[in-house]
Amino acid sequence: MPIEKTFSIIKPEAVKNKISGKIISMFEDNGFTILAQKKISMTQDQARHFYAVHKDRPFYNDLVKFMTSGPVIVQVLEKENAIADNRSLMGATNPSEAAEGTIRKDYGTNVEANAVHGSDAPDTAQSEIAFFFSGLEFTG
């Protein structure tokens with residue numbers, strides 16, 4: 001399998017609850033290399049643009065409000081099969097339906113406050129990485 005890059009966000013509630021280090025350890029313990037990482041506070045415009053794919057869904061405004069409610073940690077992760085492996089490690093979107101030992105089961109509280117976001121496909125990963133990282137921050 002080829003080495004892939006994927007994108008991850010540790011969401012505001014996980015940062016606020018000081019569990020981001022535990023989540024980062026889960027990535028590393030599962031073979032991911034962190035190529036780039038930074039803590040940011042998304043603006044309303046950034047969140048609206050990043051989540052534009054959901055703009056016609058009823059939860060869109062709440063999602064934007066939540067993602068701008070506090071700092072997040074954005075990351076570029078790398079390993080073989082990174083996208084699928086990250087999706088598996090994250091677990092189901094709803095933490096109550098996620099498998100034991102997944103990030104969302106261990107640290108998520110509900111569908112919105114589910115601790116992490118991760119890219120779902122190679123093209124999505126590429127555009128999400130480019131949205132948050134450029135220049136000297138990340139050149140991969």
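In what order do the four strands form the open sheet, and is the pairing parallel or antiparallel? In this predicted model, the strands are arranged in the order 2-3-1-4, and their pairing is antiparallel. From one strand to the next, the twist averages 20°.

The pairing of strand 2 with strand 3 (residues 72–80) is antiparallel and comprises seven bridges; within strand 3, Val76 is the residue that stands opposite Ala36. Helix 5, formed by residues 82–90, packs on the sheet, where it touches strand 1 (3–10), strand 3 and strand 4, and the direction of helix 5 makes about 35° with that of strand 1.

Helix 7, which covers residues 122–132, contains the buried residues Ala125, Glu128, Ile129 and Phe132. When the helix is viewed down its axis, the buried residues of helix 7 fall within an arc of 100°, and they therefore line one face of the helix. These buried residues of helix 7 pack against strand 1, strand 2, strand 3 and strand 4, as well as against helix 3 (44–50) and helix 5. On the face of helix 7 that is turned away from the buried side, by contrast, Asp123, Gln126 and Ala130 are exposed.

Terms used:
Residues numbered from 1 in each chain as written. Predicted model: local features only at pLDDT ≥ 70, side-chain atom pairs only at ≥ 80, totals over all residues. Heavy atoms only, no water. Pairing = 2+ DSSP bridges. Helix = DSSP H or I, 4+ residues; strand = E, 2+ residues; numbered from the N terminus. Axes fitted to C-alpha atoms, helices over the stretch in contact; angles between N-to-C directions. Contact = heavy atoms within 4.5 Å. Buried < 20%, exposed > 50% of the residue type's maximum accessible area, 1.4 Å probe, protein only. Arc of directions from axis to C-beta.
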